[in-house]
Amino acid sequence: MARILMKGNEAIGAAAIKAGCKFFFGYPITPQNELPEFMAREFGKHGGTFLQAESEVAAINMVYGAAGAGARVMTSSSSPGIALKQEGISYIAGAELPCVIVNIVRGGPGLGGIQPAQSDYYQSTRGGGNGDYRLVVYAPANLQEAVDLTMEAFEVADYYRNPVMVLGDGMIGQMMEPIEFKEPKKRELPSKDWATTGTKGKRKPNIINSLRLAPAELEKLNHKIQDKLKKIEENEVMYEMYNMEKPELVFCAYGTTSRIVKNTIELLKSEGINAGLIRPITLWPFPYKAFEEIPETAKAILTVEMSCGQMVDDVKIGISGKLPVGFYGRVGGMIPSPQEIVDKAKEMLGGVK
Amino acid sequence: MINERVICAGFGGQGVMSMGQLLSYAGMIEGKHVSWLPSYGPEMRGGTANCNVTVSDTPIGSPIITHDATAAIVMNLPSLIKFESELENGGMMLINSSLIDRKIERKDIKAYYVPANEIAGEIGSGKVANMVMLGAYLELTKVVKVETVIEALRKVFGPSKEHLIPLNEKALQRGAEAVKEQ
């Protein structure tokens, strides 16, 4: 199929339509506005319903409702808006409903700024709302991946009955790259016999709820959710190993930052330093096992993020103390340059030699 | 091997974003790797706009241009001041001399001065000043074929604006002529 040049935000919307999404509820916020704008314009032509809610809280509760009725549904926002949605996301996880949530991250904390950031790592990968649950979190590094992972997100959400997040940043949302819309990979999905679609007088009503006052019952639900999350950890981890044959230094970076690190690796190569990259594609489940595959040539790990080092915790768990873990980051919408990362890499290698 | 990293910059409304998009579009049609990254933010009317375009024969790492632009197309003075330092050694700057009355300061880059607004006015519309600059850039670098840019333009415009194609074609051509002698 022909390649199309599209903005990231629009491409994610187009991918959702292609994946059979039927409802979109959102509320405007930069830098993801082109996504609801695209849906407002295009969704109706494909049998979808677009609705701009009165707030982020309303939007996520509309998602809760549509998901409970068994529809493929999506919402999108950016950092502070996603913070507002956390109550609803927790309810959706508690009611074991599938949905897709897009976060085009901007600098924080608070209202922060509108430039790209990766400072919602903790919020995305640790659940985000109250209670014991996790979201599957996809972090695309380019627009083709944003499209492919958005389609996959709907399948995974339905397969596990769990909310799934697609985590981009302002750059992924705003930039244009060629995209090819391939047919989404279909999983064998169980029928949604739990959905509230009307009994027609023929069955007992289905109930969608996240309130369980009996402790034993709530404990049972928690165990069920944990069993499901374990399966996700076993089956859904995605990562890329880049230039990892004989690296002296191993970078760990995801999304936009991983692209900058790839340029850094080229710069280091021209100076005779061989570096590789572990790029998590799923941030949860985190690719801990990638760190077991690091060759013995590696002397250190350098995590690079557009945050103050939120992913460092997971990198340290992954490497289990076998190698020193360093960190370089820029925040607040500042983007690290390849040269800055080169300098930090050399400083680190100097230190561990 | 092509690995062009171009900054297109000017006032909002000068068509710098669409200039960059057309270049990306044409690169894609010719089967190259391309990326287009806009600046975005709270800008006032008449404020500055710019985009980073990469056209490459190999996969693109970072779409951000940091001090390694191979070319900059600047449509106004603030853009010249802002982006002169972003060019790599030996890079080229295309300057809209209709609106910028000063020369560049760096000695290690090439400069081409194109009176884009005047040329655009002569051929019928000041709005195609961006296409004049793009024509000049393509003449100097041959990153993509002019015909491919026209093909891209047809796709962007659609049939209802087919009548604007000849004007844009002319603008590209006059831009190319403007730098042939320099």
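Contact is defined here as heavy atoms within 4.5 Å. By this criterion, the contact between the chains takes 22 residues from chain A and 20 residues from chain B. The model is predicted: local features need pLDDT of at least 70, side-chain atom pairs count only at pLDDT 80 or more, and totals for chains, interfaces and linings use all residues. Residues are numbered from 1 along each chain as its sequence is written, chains are lettered from A in the order in which they are written, and side-chain values use heavy atoms, with hydrogens and water left out.

The area buried between chain B and chain A (accessible area lost by the two parts on being put together, 1.4 Å probe, summed over both) is about 1700 Å², and carbon and sulfur atoms give 68% of this area. On the side of chain B, Met28(B), Trp36(B) and Tyr40(B) lose the most area to chain A, together 39% of what that side buries.

Within chain A, Ser307(A) is placed in the loop between β13 (300-305) and α10 (312-319); helices (H or I, at least four residues) and strands (E, at least two) are DSSP runs, numbered from the N terminus.
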